[in-house]
Amino acid sequence: MTDLRYDVCAVGNAIVDVLAPCDPGFLTAQQLAPGSMQLVDEAQSAALYDAMAPGVEASGGSAGNTVAGVASFGGRAAYLGKVSEDTLGEVFTHDIRAAGVAFETAPLTAGPGTGRCLINVTPDGQRTMATFLGAANQLSADDVDAAMIAESAIVYLEGYLFDPAPARAAFERAAEAAHQAGRKVAITLSDAFVVERWRAELLAFIEASADIVLANEAELASLFQTEDFEAGCDRLAAMVETAAVTRGEKGSVVVSGDRRVAVEAYPVGKVIDTTGAGDQYAAGFLLGLARGKSLEEAGRLGSLAASEVIAHWGPRPQVSLKGLAADKGLTV
């Protein structure tokens, strides 16, 4: 599949992240569930922003972070997502292109501003997110570039797009275009709360359209409403070709048919911020699959990328993942 123009094309919510430290009491005072992602409107977003500690702005969005990671590995990546013609939209566009990702989606010229995610990080590195989607949920089926998708080995869909109806239509159009071109469709479940909201729809989509699924332990438990990890893996393996389930410091499990591959997490001196850990795991894992690596090699690339991103603030790599992989004896 390496003769295609792109290894991974992601479809996601184009979001600018604002990250700030906080103590657990701040979350309680703001009525935020620790470790969750919740949607807020523009007024709620502005009020929370005013209450937060000084923060760092960084282009984010789950799938955007993933393709930035793919590019850092030396992979060829593209992105479909909607920003507005405003300052934050310019920030997002500049950052994702500077990371080496093709991004050509036309910006929104009227309506809500560019989406933003306010991320409060407690001293243990856990992040709690309040997201104003803004222009991001104006992504529509008309924005889907079928030619770009046809030139991509894997099309990666962000589960957060199940929240807004127009974006879900784009999601389905992208999956359809991928399969028409004989490409693989990957989906990340994104967040246990997303799974709670859309369990039936997600299960139907996975069964009908997904070849690859990425999830964490909590999302897997929510999807199948079971705390039995092995049973959840078995059910997922019966639905798709390949799946990877991350387990934090316990590493990850990659499943394909009857095969189960346990992948250890790379040790990290100190966890600073877990924002983007799943996104970067997806970057390494998907690039590995696109390049024909084994399940274990793909999982190790994912683990390596996740270990890099949790050791610093922000959701995107700060060093070359390609160089890091070479240092560990991993080829991409």
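Helices (H or I, at least four residues) and strands (E, at least two) are DSSP runs, numbered from the N terminus. Axes are lines fitted to C-alpha atoms, for helices over the stretch in contact, and angles run from 0 to 180 degrees between N-to-C directions; contact means heavy atoms within 4.5 Å.

A word on the model before going on. This is a predicted model, in which local features need pLDDT of at least 70 and side-chain atom pairs count only at pLDDT 80 or more, while totals for chains, interfaces and linings use all residues. Residues are numbered from 1 along each chain as its sequence is written, and side-chain values use heavy atoms, with hydrogens and water left out.

Two strands pair if DSSP finds at least two bridges between them.

Strand β9 (residues 152–158) pairs with β10 in the parallel sense over five bridges. Along this pairing, V155 stands opposite V185, and L157 stands opposite I187. Is β10 enclosed or open to the outside? Four of the five residues of strand β10 (residues 184–188) are buried, so this strand is largely enclosed by the rest of the structure. Here buried means under 20% relative accessible area, exposed over 50%, and partly exposed in between (1.4 Å probe, protein chains only).

Strand β9 also holds E158, a charged residue that counts as buried because its relative accessibility is 1%. Which residues does E158 touch? Not counting residues up to four places away in sequence, they are V11, G12, N13, G61, S62, A63, F171, T188 and S190. The C-alpha atoms of E158 and D279 are 9.8 Å apart, although 121 residues separate the two along the chain.

One of those contacts, S190, lies in the loop between β10 and α7 (192–209). Most residues other than glycine have a negative phi. S190 has a positive phi of about 75 degrees although it is not a glycine, and with a relative accessible area of 13% it is buried. Q225, in the loop between α8 (217–224) and α9, also has a positive phi, of about 50 degrees, and is not a glycine. Q225, however, is exposed, with a relative accessible area of 61%.

Next comes the other sheet. Five strands form an open sheet in the order β3-β8-β7-β2-β4, with mixed pairing. Its edge strands are β3 (37–39) and β4, each of which pairs on one side only. Neighbouring strands here are turned by 25 degrees against each other on average, direction ignored. Within this sheet, β2 (residues 15–21) and β7 (residues 115–121) run parallel and are joined by seven bridges, with V18 opposite L118. Helix α2 (residues 42–51) lies across β2, β4, β7 and β8 (127–132), at about 40 degrees to β7.

Helix α10 (residues 277–290) carries A283, which is buried, with a relative accessible area of 0%. Leaving aside neighbours within four places in sequence, A283 is in contact with T66, G69, V70 and F73.

Our last stop is the second largest pocket. It is lined by A58, S59, A68, S72, D95, A98, A99, R316 and P317. Which elements each supply at least two residues of this lining? They are β4 (56–60), α3 (62–72) and α4 (87–98). By class, the lining has five nonpolar, two polar and two charged residues.

How values were computed. 1 Å grid on protein atoms, 1.4 Å probe; cavity = no way out; pocket = protein on both sides within 12 Å on 5 of 7 lines; lining within 4 Å.
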